[in-house]
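Visitor: I have a structure open and would like to learn how to read it, one feature at a time. Could you walk me through it?

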Amino acid sequence: MLKTDSISINDQLDDLINKMDSNGQFISIVHKINHVDPISVFASRPDLKGERYYWTSADGQLTFVGLGFSNQLYSSHASDRFTAIESALQSQKHRVFRSTNARITGTGPVYFGGFSFFDDDHKGEWKHFPTNHFVLPKRLVTVTDQGCYLTLNIWIDQSHSVDEVHSIIESEISQIESVESYEEKSMKQVDLKNEMTYQEWEQLINQAIHEIQSTKLDKVVLAREIETYFNQDIPIEKVLKALSEQQERSYIFIMENDDQAFIGATPERLVEVHNNEIQSACLAGTTSRGSSMDEDEWKAIQLLKDEKNLEEHQYVVKMIQEAISPLCDSLRVPNQPMIRKLSKIQHLFTPVTGSLKTNVTIFDALKQLHPTPALGGEPREIAMEFIKQHEPIERGWYAAPIGWFDDELNGEFAVAIRSALITGEKANLFAGCGIVADSEPKAEYEETHLKFSPMLDALGGHNHDNE
Ligand SMILES: C=C(O[C@@H]1C=C(C(=O)O)C=C[C@H]1O)C(=O)O
Ligand SMILES: [Mg+2]
């Protein structure tokens, strides 16, 4: 029997089923399980392909695997895609049962998903990633420093017996605890297309620079896309494993919807809220890693004093500070950026921390923050218009907020960069960079090249464009 310290879950369930109204409701049963390997858990259910989610926080302390959808939140045509999700959540009532007395972050009714970059619906490549979409996984495995947990989110009504629910719990636990280690599969890239030639890129960047010099536009982030084809359906587990091994200090994510998967390893936190404490991050300004420790350090020092990169960075700091301060009782922003080193690249980084005013939620913060000038530009509206008019790709969920939240509105969102949309044998990769008055098309092109490389490496692909 599943026991809490005082009364068993069975007694509590019995009570709930007896008193429940005829509509039924979601219940969330949280149980501590033996240690499991999250990638193997993800790979263990190919039958649930199209309904699997994966998330590791950038500090590596929290990993989620979601298998099967129990509930979905979305609202097409909402004027405000962020508040619409918060309202949809409020209309759900969840009841949580725990087999330990502790309330562990990331267990219970946790929703995963994201928003599109622009607020209008898209029709092209991103058919299964609408303006907003969140799922409550049927099975959620949470791996933390304190142990592993299985949450089962199931819908019950008066027709369920306690014994039925109990046997579901037992069989799910034993299935998860007995998953076999994931064995890697191999595949080969067969083709790679650049959606834009270098000449088209150069023209686009020159046009942006011209607007920056002659209008109110200060900065605009422009992206390009490459499309790669493989000799078989891309085994997403393989890409996940490679990203997990190769990318440090990054959020590793997979969101599967129907026959598409959005995957990436992004270093950029947009917002985290935990018990009223808020954290955001300014990440903009880029250089490569050095081939020796000395060269690496030299590049970092150059980046810290490079006017053009500092300008790119400063727009982000100023805007995030202005966006969050009305939501906070207190806010801390260091006045100098530091360096954030990733496997192939280093960035200028300024952390932002604060205490939220009462009744302000993570959705309020998302609404204010997206898109920051690290992904959109400055001023926001002019930059967004420029992107819409001139960038020849569909952004979909690229560079948009993705993440999770729970029933107490704690959660974390990252911006979905260093990412790819996978559809069968095809992977569409995205990479962009901040254009300011002193930008040079060639250097910015090389910067996008660097930003593609972690995802291309994880796929086992290669880029021909500046070889
Ligand atoms: C837009 C991307 O990255 C953003 C742009 C950066 C820059 O131009 O220096 C750095 C980090 C990110 O905020 C991307 O990786 O696609
Ligand atoms: Mg840049």
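Visitor: Is Asn276 buried, partly exposed or exposed, and why?

Guide: The general idea is to count neighbours: a residue is buried if 20 or more other C-beta atoms lie within 10 Å of its own, exposed if 12 or fewer, and partly exposed in between, with C-beta atoms placed from the backbone. Asn276 has 15 other C-beta atoms within 10 Å, so Asn276 is partly exposed. This is a predicted model, in which local features need pLDDT of at least 70, side-chain atom pairs count only at pLDDT 80 or more, and totals for chains, interfaces and linings use all residues. Residues are numbered from 1 along each chain as its sequence is written, while chains are lettered from A and ligands numbered from 1 in the order in which they are written.

Visitor: What is the phi of Asn276 near, and where is Asn276 found?

Guide: Most residues other than glycine have a negative phi, and most peptide bonds are trans. The phi of Asn276 is near 75°, a positive value in a residue other than glycine. Asn276 sits in the loop between strand E12 (269–274) and strand E13 (277–288); helices (H or I, at least four residues) and strands (E, at least two) are DSSP runs, numbered from the N terminus. Asn359 also has a positive phi, near 70°, and lies in the loop between strand E16 (345–356) and H9. With 6 other C-beta atoms within 10 Å, Asn359 is exposed.

Visitor: Which peptide bonds are cis?

Guide: Look at omega. From His370 to Pro371 the bond is cis, with omega near -10°, and Pro371 is in the loop between helix H9 (362–369) and strand E17 (377–378). The bond from Glu378 to Pro379 is cis too, with omega near -10°, and Pro379 belongs to the loop between E17 and helix H10 (380–390).

Visitor: How do I read strand pairing, and which strands pair with E7?

Guide: Two strands pair if DSSP finds at least two bridges between them. Strand E1 (residues 25–33) runs antiparallel to E7, and nine bridges join them; in this pair, Ile29 has Leu152 as its bridge partner. Strand E6 (residues 132–144) is also antiparallel to E7, over six bridges, with Thr144 partnered by Gly147. E6 and E7 make a hairpin with two residues between them. As for cover, seven of the 10 residues of strand E7 (residues 147–156) are buried.

Visitor: Which residues does UniProt list for "binding site"?

Guide: UniProt positions are given in the numbering used here, feature names are shortened, and annotations may be inferred rather than shown by experiment. The unreviewed UniProt entry lists Glu312 and Glu447. They span 136 residues in sequence, yet no two of their C-alpha atoms are more than 13.5 Å apart, so they gather at one spot.

Visitor: What surrounds Glu312 and Glu447?

Guide: Two residues are in contact if their C-beta atoms, placed from the backbone, lie within 7 Å. Glu312, in helix H8 (residues 307–324), is in contact with Lys219, Ala284, Gly285, Gly434 and Val436, leaving aside neighbours within four places in sequence. Glu312 counts as buried because it has 26 C-beta neighbours inside 10 Å. Glu447, in helix H11 (residues 441–459), touches Thr286 and Cys433, not counting residues up to four places away in sequence. Glu447 has 18 C-beta neighbours inside 10 Å and therefore counts as partly exposed.
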